[in-house]
Amino acid sequence: MPERILEDLEPVAGNGLLHRRLFLKGSAAVLGAGSLGLMTAAPAKELPPWMRGPGRPLSGYGTRSPYEAGVQRQVLAATGTDGAGGSWTPLEALEGMITPNPLHFERHHSGIPEIDPHRHRLLIHGMVDRALFFDMDALSRYPMVSRIQFIECSGNSYLAGLPARPINDTCGALHGLVSCSEWTGVPLSILLDEAGVDPAAGWIMAEGADAAAMNRSVPMAKAMDDALLALYQNGERLRPEQGYPLRLFLPGYEGNMSIKWLRRIKVTAAPSMTREETSKYSDLLPDGRTLLFTYPMDVKSVITSPSPGLELKEPGLYQISGMAWSGAGRIARVEVSADGGATWGEAALCEPVLDKAVTRFRMAWRWNGAETVIMSRAADEAGEMQPTRDAIIAAKGTKFAYHYNGIQAWRVDGKGQVSNVYA
Amino acid sequence: MSTRSLPALIAVVLAVGVLAQEGPELGIEATPEEVAEWDIGIEPDGEGLPPGSGTALEGEPVYTLYCFSCHGVEGEGLLNDVLVGGHGTLDGPAPRKTVGSFWPYATTVFDYIRRTMPYQEPQSLSDDQVYALTAYLLFLNGIIGKDEEMDAETLPEVRMPNRDNFILAWPPQDNE
């Protein structure tokens, strides 16, 4: 059986990258062999404990296996606070395109408010015909849409590529301020239409009901296009960490703008120049000037396995798995290199490939045991290609802190240990 | 119309019916008083600034009481953000972004302090206190004098040193 698999795999790029469709065939063959073996093995007395009696009772709300308890977000908060900071999704421990709700990344500026939905209302006012309050009961009667889309903090990946020397940490600690969920809610345009927007209005200001009263300006074009007032995340009501009971969701835009715990939308002529869009979330250029309002998240990809902390135990056949996403639309292509960028092979994109969603890519790789550098680069349907770290730094310097999307290189050493390198 | 295009037409009509969404009009009209109570924001032209006033002289003891523990002596930073200095560092290799060296609008300082500081008890200070704290931070950064009174008229007039160094990336420029 193993020999057959070897024959099936065709090289597609240098240093052991293998044809993607044949890998699937190969793994099916391995699976078949395994289950055949089980039929004759394990006499009854060797049953594992969990087969010898009924398991634990049914429950009203599920919990994960205790063996998975180590899969945790990495938490970092400002000194003296426990709620102004972020928690990074452990990307290296996850698969597929959806982030489980309890592992969705967080970024808060003054903790997580515990909001009573019966006392929560949204006010829409400013340049409108009539200022309107909406309570949560009312909102639940509005037409809703559901979309699977990513949200990413614009500070994501800063740690992976902009410090002077590479920081060696897990994939999640370096790139985990991105998550992907199915979001369900009411298109904001419906409520704005109901309030009657003044044609001279160009912006909205959205504000949260947390202690930071976090607020951002959003161009009216975006508010009227695909902005969502999200009520549900992956089918259940939003988690408090994600804005319960109501958040703004702006597909493809930097996460900070998708105001959580949404309480107020003011329709304005011009941007409100809030602290969060001037002091923070603005991009300092080498010459000392600063870009304001850099909203879309650019195309990015990262190999989640193998990645730091997930060592390769021995030479042999592995599956490279990673994620790609773009604020401009669908992922068109992901290429993988296993020889430091000398040659590239096209990875298989896992269906469905959706607009502004995380797309899972996979690629077969036979590691020969020698030290090498693996990397991935994504292109989106708008024709943008993920740039190299060098190209970004040449264009924007290293002071900008937000919107870094350089190609991530992982070094695999001769022992199979993986680390972050600048390549 | 050929018979073959009829189903296509129906499909288009159905799709439009789904997309052209209409709400049940359940919004409750808010009174001007309610709106005024909810609207805590200040616009860069000063819209929203409340009555009241304060100077840096008045702000210093307020700062010591409510802000010093986290932001340090004269805003030099302790547990949390440095609030003064950094002037002239933005084009160098080690930029220091502070209220004084970086923020484009003085109105944002008032807005931010009032909406969320002090960290443990936001929106607990009086508008006079917030004007005084704003004046104090502007004074520490060498932007206004110690006796200069900040109010709804004078604050929007304050010219922040870094004001002209921002480039708007929105709306996207076609010629880029």
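How many disulfides are there over all chains? The count comes to zero. Keep in mind that this is a predicted model.

Let's start with the cysteines. A disulfide is a covalent bond between the sulfur atoms of two cysteines. Here, the pair of sulfurs has to lie within 2.5 Å to count.

Now chain B. C70(B) is in no disulfide either. The nearest cysteine sulfur is that of C67(B), 8.8 Å away. Is C70(B) buried or exposed? Buried, with a relative accessible area of 18%. The cut-off for buried is under 20%, so C70(B) qualifies.

Next, a proline. Where is P102(A)? Look at chain A, in the loop between β4 (85-88) and β5 (106-108). P102(A) is partly exposed, with 42% relative accessible area. Which residues does P102(A) contact, leaving aside neighbours within four places in sequence? R73(A) and R239(A). Look at that second partner. In sequence, P102(A) and R239(A) are 137 residues apart. In space, their C-alpha atoms are 8.1 Å apart.

Last stop, the surface. Find Y158(A), L159(A) and I167(A) on your screen. Together they make a nonpolar surface patch of about 200 Å². Y158(A) sits in helix α4 of chain A, residues 158-161. Y158(A) is partly exposed, with a relative accessible area of 31%.

Technical notes. Residues are numbered from 1 along each chain as its sequence is written. Chains are lettered from A and ligands numbered from 1 in the order in which they are written. This is a predicted model: local features need pLDDT of at least 70, side-chain atom pairs count only at pLDDT 80 or more; totals for chains, interfaces and linings use all residues. Side-chain values use heavy atoms; hydrogens and water are left out. Buried means under 20% relative accessible area, exposed over 50%, partly exposed in between (1.4 Å probe, protein chains only). Helices (H or I, at least four residues) and strands (E, at least two) are DSSP runs, numbered from the N terminus. Contact means heavy atoms within 4.5 Å. Patches are made of residues with over 30% relative accessible area and no salt bridge: like charges are joined within 9 Å, nonpolar side chains (Val, Leu, Ile, Met, Phe, Trp, Tyr) within 5 Å. Accessible areas come from the Shrake-Rupley method with a 1.4 Å probe; for residues, only the protein chains shown count as cover. A salt bridge is a side-chain nitrogen of Lys or Arg within 4 Å of a carboxyl oxygen of Asp or Glu.
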